[in-house]
Every structure is written in structure tokens, then in C-alpha cells.
Amino acid sequence: MSHFFDALETRTPSEREATLLAALPLQVAHAQLASPAFAEILKNVNPAEVSSRAELAKLPVTRKHELLELQLSRRSQGGNVFGGFSTHGFGTHLPRVFASPGPIYEPEGTAKDYWRMARAIFAAGFRPGELIHNSFSYHFVPAGSMMETGAHALGCTVFPGGTGQTEQQVQAMVDLQPAGYIGTPSFLKIILEKADDMGVRLPSLTKAMFGGEAYPPSLRDWYTARGIAGYQCYATADLGSIAYETSAREGLVLDEGVLLEIVRPGTGDPVAEGEVGEVVVTTLNPTYPLIRFGTGDLSAVLPGQCPTGRTNTRIKGWMGRADQTTKIRGMFVHPGQVDAIAKRFPEVGKARLVVTGEMANDHMTLKIESACSGPDSLVQKVMEAIRDVTKLRGQVEVVLPGSLPNDGKVIEDARSYK
């Protein structure tokens, strides 16, 4: 039996890159033609020119809050509930609509394995002909359907357990003997502890795929001690599968259907490989053609390839949130403003705004990396730029290149809230 879901996973990186970049101009053209929102966002873009990562990086990043704002605006005017981002309206092309907090409405198209989850489920150890106990929610959010359609594409049968009713979940597992579980790691722990209380064993449950929550090594070890191999997947309600864990347990391998960039928070500028930044994804989904969609999640690219033989890029996994907007002395300061200040000075590399003190008595210091030998004049100019961009006064501290932490933070709130 193959160790891979399909041959796409073992393509040479150059072959994969060429295939994705060849599809990119077609997707941009399709988004302009069929998605009213992207027709506006990309109105001055020539799709034929978007055939490289450098050209892709010139396109605007659309972030979740902007998607929500467009949806709310169009709904208030009796327009498209998807904010013009979907290429289809209600009917046979959209069998389901889901709602995430906001609410943001997401379409589900008719393509087999629409959310591209089968690959991640396979990597977690599931195989055709097995029964999967799916405890992701089946109402409002797409998680339940996301996993079920992926399991069906893999050739598995699904028990739609959903959430809650812990004793009934245990009884279903006793009766049906599923090969594994898909859901949040915390809920499976609750189920297993309830089974212990009931004096029931669940020996068939040997594998799991987790999402929606952090999966720390301590919890992984807890499952391992119970004979369950649990793996993570990284997916969102907008994009579907983005990356998944393999048996190597060295980061997450990218899904074959996405183009991923790591950008400096608050901007659309790609960072150097290995540097922490915001995950920005472009999908080849014709129903919901999201071009440079900012997830708001922080991660970083890992060097090298997965020891399992999968050749796609790996990322470290979820490393926090990129939206670091902070209120300082009654004014909101955004990561994009910090970037705007830094870009005024060619001699400045990375920049990090550190807010200290106490609420209502706070201070901000912009730490800038620079090899400039005469920093006094630079400091004064940067202080003036801070005032101009943020309308607030701040101090400036020049540090050596490479001194600032590689954690994706552009604004560090170090105030005391006691």
C-alpha cells in the first residue's frame, strides 16, 4: 500500500511550483470575471502578468475583517451574501452555506472533496474502508461537512457524532468500533475519560486527526500512552485545508492545492524564509477564488523536506495571531503603521514597537534594526515619523541587525494590567 495519497505529494519542488504558477494567471482571470469583489480588488491587474511569486506579491492582501465588511455592506443593500467573493449564487452549484463568527458566510461547492481534506486524513493514518467517528460540529460552521466530504473522498464511512452528548458518543464507539476519531483534541479526551468512568474500553480507536485547537506535546503523549496516534491539520472555513501533520511530526506539510506566502504582519510583503509572519494563502478553488487571503495566523517556513518523502513546503504550524492592533493613549496603532514608518528609511530593517508602563500611563519605544554608524540623526527622524504616522509621541532605540526576536511580532504589548 502506498505511503502517499497520490503522486502529487512526491513531485519535484520545481515541477510543483511550475504547475501552481501556470494555474495562477487563470485563477486571477477567473476571479476578475466571476467574482464581483475581486473584479473590484484586482481591477487594474493584468492576469497574464501574475505568473510568478514576485508578481503575486504585488497584489493586495484581503484579510478576514475586510471580507466581513464587504459581506455586511452588500447584505445591507440586498446584495450577494458572500460579499461578492463567491462565483455562484444559491442553487445547484452551492449545496450548502455555512456561517462562522461575524457572521461570515462561506459557500460549499459541488466539487468532490471541496475542502481538500482527504489528503490530510490519509496522512493521519486513515485508509479506505474504515469507519471514522466525526465529532466536528455539523451546524453553522463547515467543520463537520469539511471532514465528512474528505473522508468520503478517501473511501471511508463516517459516523456524524457532532458535539456534546458524551455518553452517547461513548456508546456509539462501543457499538460501531470506529478505526479513529476526527475532531478537537479536548473533546476526545472528554469522551475517553467518560468511557473510563463508565468502565468501558474502546480498543478500536487507534488513530485521530485533530483541528480547531492547540495540540501540545503533553496531550500528544497522553494519547500515545492510550494507544492513539493523533495528528494535526490546519484548515480554515474560508480556505479549507492549508497544511497537515505527517508521521515525521516535523512541522506541517502544505496541501497541494494552495499557494502560501508568509508576509510581515500588517503588510503584503513576503518575509525571508524561516522568519515568522502572517500566513497568506491563494487557492485554486473556482467557487471561492480567494487571492492572497490573509488568515491572521502566524507561522514560518521550515527548511528542507519532510522525512516521509513528501516534497512540498513545510511550515511550523500555528504560532499565534498576526493582528496586533493595540490601543495606546486612546489611539489605535496598527502593524501596518509600524511598517510604514520603517519603510521611510532605507537604512532601517526590521522594526518592533514595544509598549510599556501601565494602562493610561504607557510609553512606546520603536526598536529598529540598523547598521547606521550615526544613529542620532536617524533617531530624530524616526521619532518625527512616529508622530506623523501614529499622532503619538514615542522613543526610538537602534539595535544591531538580527537583534529583534523572530516571533512575528510587530507590536509588543508589555504593559502591566494589574
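Which residues lie nearest the centre of the second largest pocket? They are Arg 53, Leu 260, Glu 273, Val 301 and Thr 313. The model is predicted.

**Second largest pocket**

- The volume of the second largest pocket is about 560 Å³, and its lining consists of 27 residues.
- Helix H1 (13-34), strand E11 (258-263) and strand E14 (301-302) each contribute at least two residues to the lining of the second largest pocket.
- Strand E11 gives the largest share of that lining, with five residues.
- By class, the lining of the second largest pocket holds 14 nonpolar, six polar and seven charged residues.

**Largest pocket**

- At least two lining residues come from each of strand E3 (104-108), helix H6 (143-154), helix H9 (217-225) and strand E8 (229-236).
- With five residues, E8 supplies the largest share of the lining of the largest pocket.
- The lining of the largest pocket is divided into 21 nonpolar, 11 polar and 10 charged residues.

**Ser 145**

- Ser 145 is part of helix H6, an element that supplies at least two residues of the lining of the largest pocket.
- The relative accessible area of Ser 145 is 8%, so this residue counts as buried, the cut-off being under 20%.
- Beyond its neighbours within four places in sequence, Ser 145 makes contact with Arg 96, Phe 98, Glu 108 and Trp 115.

**Nonpolar cores**

- The largest nonpolar core comprises 61 residues, and Met 117, Ile 121 and Met 209 have the most contacts inside it.
- A separate core of 23 residues lies apart from the largest one and includes Ile 328, Val 348, Val 379 and Ala 385.
- Leaving out residues up to four places away in sequence, Met 209 touches Met 117, Ala 120, Ile 121, Ala 124, Phe 126, Met 147, Tyr 181, Ile 182, Gly 183, Tyr 231 and Cys 233.
- Among these partners of Met 209 are Met 117 and Ile 121, which are also named with Met 209 for having the most contacts inside the largest core.

Conventions: Residues are numbered from 1 along each chain as its sequence is written. This is a predicted model: local features need pLDDT of at least 70, side-chain atom pairs count only at pLDDT 80 or more; totals for chains, interfaces and linings use all residues. Side-chain values use heavy atoms; hydrogens and water are left out. Helices (H or I, at least four residues) and strands (E, at least two) are DSSP runs, numbered from the N terminus. Ala, Val, Leu, Ile, Met, Phe, Trp, Tyr, Cys and Pro count as nonpolar, Asp, Glu, Lys and Arg as charged, and the others, Gly among them, as polar. On a 1 Å grid over the protein atoms alone, a cavity is a set of points where a 1.4 Å probe fits but cannot get out, and a pocket is an open set with protein on both sides within 12 Å along at least five of seven lines; lining residues have an atom within 4 Å of a point. Grid points are joined across faces, edges and corners, and a volume is the space filled by probe spheres set on the points. Buried means under 20% relative accessible area, exposed over 50%, partly exposed in between (1.4 Å probe, protein chains only). Contact means heavy atoms within 4.5 Å. A nonpolar core is a set of buried Ala, Val, Leu, Ile, Met, Phe, Trp, Tyr and Cys residues joined through side-chain atoms within 4.5 Å.
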